[in-house]
Structure formats: structure tokens, C-alpha cells
Amino acid sequence: MLQKAEAYVRAHAKQVDPTFRPHFHLAAPVGWINDPNGFCVFRGRYHVFAQFHPYDSVWGPMHWGHWVSDDLVAWTWLGVALAPDSPYDELGCFSGTALQDGDRLLVIYTGVHRDAAGRTVQEQCIAESRDGIHFEKWACNPVIGARDLPPDGAPEDFRDPKLIRTPDGWRVIAANRGPKNGRQLSFVSRDLIHWTCEGVLLQGVGQMPECPDYGPCDGRDLMLTSVMNLPQDGLRFQNGHHDVVYLVGQERDGRLLPERMEAVDLGPDFYAPQRIRTPDGRSVMIAWMDMWQTDSPTHYLGHGWRGQFTVARELSIRDGRLLQRPVRELERLRGEVFEADVQVDGETAVPGLCGRRYDLLLDIAVRPGAWAEVRLLQDGGDYFSVRYDPQTQVLTADRSRCGYTMGPGGGPEVKPAGRAVLEGATDRISLRILVDQCSVEVFAGDGEAALTTLAFPKGPAEGISFAGQCAVHVRKWAL
Ligand code: FRU
């Protein structure tokens with residue numbers, strides 16, 4: 001199966017339609033990708049895998065696709081690392097994590113299969129690699145099975161193991177549905193083979209807190225988790241089915257006691273982040289830049305691919321809040337610079353300001369009682385809007401006027417916009433916006449708020465203009 005998948009990628013990757021292909025984001029070579037998996041440093045290089053279905057641009061039996069990078073920006077395809085070819089993962093190799101252990105690279109993932117009674121079961125499996133490319137699944141898989149769950153745990157919802165090294169061995173945090181709701185269980189082991197459930201690390205967060213990423217950050221315990229059906233709460237949690245939240249706090253007696261829980265990114269296309277510690281000590285996150293329950297023009301127009309990752313982002317915690325900024329390595333891609341001061345009064349174009357792939361810095365001063373808007377990916381009345389209103393302190397990123405829609409089958413969609421309240425903001429804000437063919441990543445201030453959105457314009461869409469009443473200092477680098 002693995003060879004078949006690799007041969008398929010080799011034969012078909014060149015045939016995907018290049019129209020929307022990103023230039024500085026990792027994307028499916030062909031077919032479909034979702035969650036980042038196994039983001040790690042192995043022998044000094046960055047590795048990341050993805051949930052991968054090579055044969056169609058929709059979700060299907062999950063393989064792991066594999067990339068490597070020296071700078072977190074340019075990713076090289078390494079091939080298919082795992083295929084669903086064993087009895088315990090016949091329905092898919094679902095999400096998981098990776099770690100360097102001595103001279104081997106360990107990955108732990110969820111094997112999905114059917115039991116004798118025909119029920120779906122999710123169990124945790126390990127594979128290892130000596131060369132960082134070819135993986136061998138362990139003969140004793142699954143290592144954490146349904147048998148290791150507490151009696152009230154649902155074996156059909158038991159996934160996304162996060163592997164952590166501890167002073168006396170190993171720990172795994174995995175999502176599991178309990179009698180009432182989802183939770184995250186903690187398992188410990190000395191040998192990676194025999195595991196004991198030591199309890200519930202986190203519960204009471206939505207229906208299923210998937211893809212736990214847990215570890216220290218700036219002296220705190222930080223959990224990133226992708227939550228199904230989190231009760232909506234104004235603009236704090238607004239995605240409906242899938243919200244990614246961070247919890248900052250301290251673990252005590254095996255329980256994470258969060259002092260704060262907020263959304264990581266309020267755009268409609270951000271899910272399943274994982275993070276690593278870089279050799280120089282930074283906490284860096286990467287996420288799936290797409291979403292469940294939407295459709296993509298790259299699928300329904302027959303382009304042959306769907307799914308990308310966000311740019312890698314540096315994380316820090318200030319006053320209990322998570323800040324995120326694109327990794328500094330991205331600045332090495334900066335080409336020609338454009339700089340201007342613009343007085344905006346109604347729709348205002350700026351001669352020479354245009355592009356489809358760029359890094360845009362805006363310092364905006366809004367006139368009293370007014371609002372400010374930057375229009376990106378613009379062809380006349382068709383554009384992507386980033387708008388700030390000081391009266392409400394709300395920053396909105398909205399693709400509803402921009403090209404193809406992303407509802408089922410290309411129809412209208414429920415949530416084409418993301419909104420973030422810029423707490424403490426006045427009539428002056430600064431924004432950093434990364435645009436890459438069909439995506440817009442907006443960061444406000446020092447990275448206090450992020451909005452990640454896909455957008456698929458119908459034409460060349462190189463326009464950039466402003467609207468509202470404001471003064472803007474613009475710096476733009478082609479990327
Ligand atoms: C999250 C998720 C994971 C699962 C994987 C399957 O997006 O649903 O929980 O392991 O995707 O592809």
C-alpha cells in the first residue's frame with residue numbers, strides 16, 4: 001500500500017492544477033491533507049507529517065505524508081511514511097506525534113480498525129525509523145489499546161496521542177470520549193510497550209478535545225487542543241463545530257488547572273496545531289490551514305489537491321495570553337519592498353501597491369468615528385476584506401466577496417468570516433498580513449490575535465486598496 005501510494009504521488013503530482021498552489025506554504029502534493037502530525041526535530045532537521053489521502057482531493061483512508069525542512073519555511077516532500085496496511089490500522093493511520101529517541105525517530109499514531117463485532121476501534125500504535133524516512137511499525141501494536149481505557153471510555157473515540165518524555169519514562173496524552181463528554185487521558189510507561197492510564201488530565205472542554213499538544217511554554221503548562229462542538233461564546237469561540245483553544249495554567253496531581261482558555265486563531269481555516277521546541281529554544285507551531293465541513297474550489301473545480309499548513313509561528317506567553325508571530329526565517333524570503341504613507345478617504349488605490357504573494361505591514365490610524373479597511377486579492381468589486389472598527393474594537397477578515405464560495409459543492413457557506421476583539425486597542429493598530437495565492441493570515445499587534453482564512457479569487461486578483469477614513473503607513477515585501 002505504501003509503495004502504491006508513493007507511485008501514485010510520483011505519477012500524479014505534476015498533474016495538479018497550479019492556479020491556487022501556494023509558494024511558501026506546505027500543501028498536499030496531490031490529493032488531500034489535513035492535520036499536521038509528528039512535527040519534530042530529528043538530527044537537527046525539521047520534520048513534519050500530514051494526514052494524507054493521496055487518491056482524491058477529499059478525506060479518505062489516512063496515510064502519513066512526510067516533509068523535511070532546514071528553515072521551517074521551505075519543505076521538501078520525502079514520501080509516504082505510513083499506510084493503513086496492518087490489521088490494527090486498516091481503516092486509517094490517524095493523527096499522532098513524533099520524537100527523536102537516541103538514533104531513532106519514534107512516531108505514535110492512532111490505528112483505526114473494526115473489531116469482531118464490526119465496531120470501529122481507535123488504538124495507539126508506534127512505528128520507528130533509523131534513517132528518518134522509512135518506518136517500521138512495531139510488532140506489538142497497538143501499544144495502548146481499548147483494554148487500557150477506563151471502563152467508561154469509548155474505544156471508537158480514542159485518538160491523537162501526544163508522546164512526552166518524562167524523568168522515569170514516557171507519557172501519552174490522548175483524546176477520549178467519556179460518559180458525558182470528551183476528555184484527555186494521561187498514560188504512563190517505562191518501556192513504551194506497557195501502558196497504564198493514570199487519570200484525566202483535562203475534561204469539560206467541548207464534545208471532543210482532539211489533537212492535544214501539551215508541554216511547557218515560557219514557564220507555564222500550555223495545552224493546544226482542537227475541540228469539536230465547543231459551546232459558542234460570542235466572539236470568543238465562534239466556529240461552531242471546530243474551535244482551536246489554548247489553555248494556560250499549571251498541572252497539579254495529574255490535572256491541568258487552566259487559568260485561561262481562549263481561541264488560538266479566530267479565522268475559519270485553522271485546526272489541529274502542533275508545536276516543537278527549536279534547537280535555539282523557540283516554541284514553534286504549525287497548523288492545518290483548512291477546515292472540516294467546507295468545500296474547496298481546488299476540489300470541486302477538479303484541481304486535484306486540497307489542504308495546506310499555516311506558516312510556522314513562534315509562540316510566547318505574556319500575562320497569561322498566547323502571542324504568535326510568523327517565524328523569523330520567513331523574512332529571508334522578502335524581496336522587493338514597497339513603502340508609502342497613504343491618506344485614505346473612501347476607496348483609495350495606491351499606485352504600485354499590488355501582488356498575490358506578500359508580507360504586508362500596516363500601521364493604521366483611524367479617524368474619529370470612522371473605520372478602516374484593507375482590500376486584498378482584489379479585482380474590482382471582488383476582494384478579501386480586513387476591516388477594523390475602533391468603536392467595537394473588532395477586527396474582521398472576510399472572504400464572502402472574494403471569488404469562489406466554500407459551502408458544500410461550492411454553494412453558500414455559513415461562516416466566511418472570522419472576528420477578533422482587539423482588547424485594549426484604540427484607534428491605532430498595526431497589522432501584519434501574509435498572502436500566498438489563496439490564503440490570508442492576519443496578525444494584530446504583537447500577535448495578540450490571529451485570523452487565518454482561505455480565499456479563492458476568480459481572476460489574477462493582484463489588487464490591494466484601502467477604504468474607510470484613516471492614515472496608513474504601508475510596507476510590503478514581495479515573497
Ligand atoms: C482532527 C482529526 C483527528 C483525527 C484525524 C483524522 O482533524 O479528526 O482527531 O486523528 O483528524 O484524519
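Me: What makes Asp446 partly exposed rather than buried or exposed?
Reply: This is a predicted model, and its Asp446 has a relative accessible area of 36%. Buried means under 20% and exposed means over 50%. The value of 36% falls in between, so Asp446 is partly exposed.

Me: How do you know which class Arg318 belongs to?
Reply: By the relative accessible area, which is 36% for Arg318. That value lies between the 20% and 50% cut-offs, so Arg318 is partly exposed.

Me: Why is the contact of Arg318 with Asp446 called a salt bridge?
Reply: The closest N and O atoms are 3.1 Å apart. The rule asks for a side-chain nitrogen of Lys or Arg within 4 Å of a carboxyl oxygen of Asp or Glu. Arg318 and Asp446 meet it, so the pair is a salt bridge.

Me: What does the pair Arg318 and Asp446 tie together?
Reply: Arg318 lies in strand β20 (residues 313–318). Asp446 is in the loop between β30 (439–444) and β31 (449–454). The pair therefore ties together parts that are 128 residues apart in sequence.

Me: Why is the pair Asp269 and Arg399 a salt bridge?
Reply: Their side chains meet at 2.8 Å, N to O. The cut-off is 4 Å, so the pair counts.

Me: Where in the chain do Asp269 and Arg399 sit?
Reply: Asp269 is in the loop between β16 and β17 (271–277). Arg399 is in the loop between β27 (394–398) and β28 (417–421). The two residues are 130 residues apart, and the pair links distant parts of the chain.

Me: Are Asp269 and Arg399 buried or exposed?
Reply: Asp269 has 0% relative accessibility. Arg399 has 2%. Buried means under 20%, so Asp269 counts as buried, and so does Arg399.

Me: What makes Arg220 and Glu259 a salt bridge?
Reply: The N to O distance is 2.4 Å. Arg220 lies in strand β14 (residues 220–228) and Glu259 in strand β16 (residues 255–263), so the pair ties together parts that are 39 residues apart in sequence.

Me: Which class does Arg220 fall into, and which does Glu259?
Reply: Arg220 has a relative accessible area of 18%, which is under 20%, so Arg220 is buried. Glu259 has 58%, which is over 50%, so Glu259 is exposed.

Me: How many salt bridges does the rule give?
Reply: The count comes to 39 salt bridges.

Me: Why are β9 and β12 said to stand at the edges?
Reply: The open sheet of 4 strands has the order β9-β10-β11-β12, with antiparallel pairing. β9 (158–166) and β12 (196–203) each have a single partner strand, so one side of each is left without a neighbour in the sheet.

Me: How do you know that β11 pairs with β12?
Reply: 6 bridges join β11 (residues 182–189) to β12. A pair needs at least two, so these strands pair. Val188 has Thr196 as its bridge partner in β12.

Terms used
Residues numbered from 1 in each chain as written. Predicted model: local features only at pLDDT ≥ 70, side-chain atom pairs only at ≥ 80, totals over all residues. Heavy atoms only, no water. Buried < 20%, exposed > 50% of the residue type's maximum accessible area, 1.4 Å probe, protein only.
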